Amino acid sequence: MIKFPLSILIVLLCNAAVDALADIGPAGCTGSEEPVLQVLGSGGPIADDGRASTGYLVWIDGRSRFLIDAGGGIFLRFGEAGARFSDLNHIAISHFHTDHSTDLVALLKSGYFSNRTRKLPVSGPAEGGDYPGTGDYLGRLLDKDHGAYAYLNGYLDGSAGLVKLEPIEVDPALTKASRVYHDPDADIEIFALGVPHGPVPALAYRIRVGRRSIVFSGDQNGSSDAFIDFARGADILVMHMPVPENISGVGRNLHAPPSVIGKIAAETGTHKLLLSHFMARSLDNGEENLQQIRSRFSGTVVSAVDLDCVEF
């Protein structure tokens with residue numbers, strides 16, 4: 001009989017428990033043989049909407065393969081969904097506002113207790129203005145000398161029992177999409193494209209699984225013609241609606257109002273529009289905002305709720 005030191009035995013038992021708990025999740029996501037989008041967080045940056053901030057999972061063959069954004073609260077939702085850190089193939093961050101990225105480090109800490117050994121790519125925007133690029137962002141969190149969470153610095157080089165993160169930076173100024181992930185055996189690709197979000201470097205993502213595709217608009221003001229082509233023909237278009245129709249000033253520079261969302265959805269020819277990233281100010285006049293969209297887009301419109309599962 002092999003005898004393990006107590007410390008190693010505890011870790012082995014913890015890993016087994018984590019994997020066992022991860023099998024418990026909403027059947028609509030883990031039980032489907034089709035690709036599934038799961039909303040982890042459908043809220044915004046203010047704790048006034050009863051939702052986690054932005055985050056999404058794409059499930060393939062019942063496994064949590066792709067995480068898009070990691071806003072506050074998605075750490076809890078990730079566990080509630082039955083997702084496993086060891087199953088992730090890619091993490092895609094749209095931009096470095098807190099409501100899209102702040103729970104990334106919490107998720108990384110939880111990954112210490114997983115049985116993962118393979119590297120983990122993390123894509124995001126290159127630096128611009130007051131915002132770091134993806135590699136620098138990870139360094140500011142994890143650097144062994146100056147990182148806020150230096151005790152997790154093994155994620156930068158794969159040491160101390162942690163898996164190595166592989167940062168992939170995309171220049172938001174490029175008008176042509178950049179491929180950030182490719183699995184030819186599974187016929188899956190992920191592309192990123194810069195979108196206008198005021199002074200903030202930001203990306204949209206398109207995930208193609210065989211003949212099906214889903215587009216995440218990210219936060220944007222809706223002024224990019226390149227995004228229309230990028231999102232054209234998507235089975236699901238996820239767009240964010242944190243502002244009401246009458247928004248102006250800074251809010252309008254950052255976000256598209258409902259009428260522009262409807263116009264974009266119509267021009268892309270998407271089959272289904274999933275609205276998310278709500279704030280109290282866009283929920284207060286929810287029906288009026290939805291009418292602005294439906295008067296311009298004749299397809300299916302769905303309002304996201306945390307932990308929703310949608311096949312595509």
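Biologist: Where is the place of Lys 164?

Modeller: Lys 164 belongs to the loop between α7 and β6, where the helices (H or I, at least four residues) and the strands (E, at least two) are DSSP runs numbered from the N terminus. This is a predicted model, in which local features need pLDDT of at least 70, side-chain atom pairs count only at pLDDT 80 or more, and totals for chains, interfaces and linings use all residues.

Biologist: What makes Leu 104 count as buried?

Modeller: Leu 104, which lies in helix α5, has 2% relative accessibility, and because this is under the limit for buried, the residue counts as buried. Leaving aside residues up to four places away in sequence, Leu 104 touches Ala 70, Ile 91, Tyr 137 and Leu 138. Its C-alpha atom is separated by 8.2 Å from that of Asp 69, 35 residues apart from it along the chain.

Biologist: Which residues of helix α6 (residues 134-142) are buried?

Modeller: The buried residues of α6 are Thr 134, Tyr 137, Leu 138, Gly 139, Leu 141 and Leu 142. An α-helix has 3.6 residues a turn, so residues three or four places apart point the same way. What covers the buried residues of α6 includes the helices α4 (98-101), α5 (104-111) and α7 (154-157), together with the strands β5 (120-125) and β6 (165-170).

Biologist: How do you know that a disulfide joins Cys 29 to Cys 309?

Modeller: A disulfide is a pair of cysteine sulfur atoms within 2.5 Å, and the distance from S to S in this pair is 1.9 Å, which therefore meets the definition. The structure holds one disulfide, and the link of Cys 29 and Cys 309 is left-handed, with -105° about the S-S bond. Cys 29 lies in helix α2 (residues 27-30) and Cys 309 in strand β14 (residues 309-311), so the pair ties together parts that are 280 residues apart in sequence.

Biologist: Are Cys 29 and Cys 309 buried, partly exposed or exposed?

Modeller: Cys 29 counts as buried because its relative accessibility is 0%, whereas Cys 309 is partly exposed because its relative accessible area is 29%.

Biologist: What is noted about phi of Asp 61?

Modeller: Most residues other than glycine have a negative phi, and most peptide bonds are trans. Asp 61 is not a glycine, and yet its phi is positive, at about 55°. This residue is in the loop between β2 (55-60) and β3 (63-68), and because its relative accessibility is 60%, Asp 61 counts as exposed. Leu 307 also has a positive phi, near 75°, and is found in the loop between β13 (300-303) and β14; with a relative accessible area of 25%, Leu 307 is partly exposed.

Biologist: How do you know whether the radius of gyration of the protein chain agrees or disagrees with that of a compact globule?

Modeller: The radius is taken over C-alpha atoms, and the globule rule is 2.2 Å times the number of residues to the power 0.38. With 312 residues the rule gives a radius near 20 Å, and because the protein chain has 19 Å, its value agrees with that of a compact globule. Buried residues make up 54% of the 312 residues, and the chain has twelve helices and 14 strands.

Notes:
Residues numbered from 1 in each chain as written. Heavy atoms only, no water. Buried < 20%, exposed > 50% of the residue type's maximum accessible area, 1.4 Å probe, protein only. Contact = heavy atoms within 4.5 Å.
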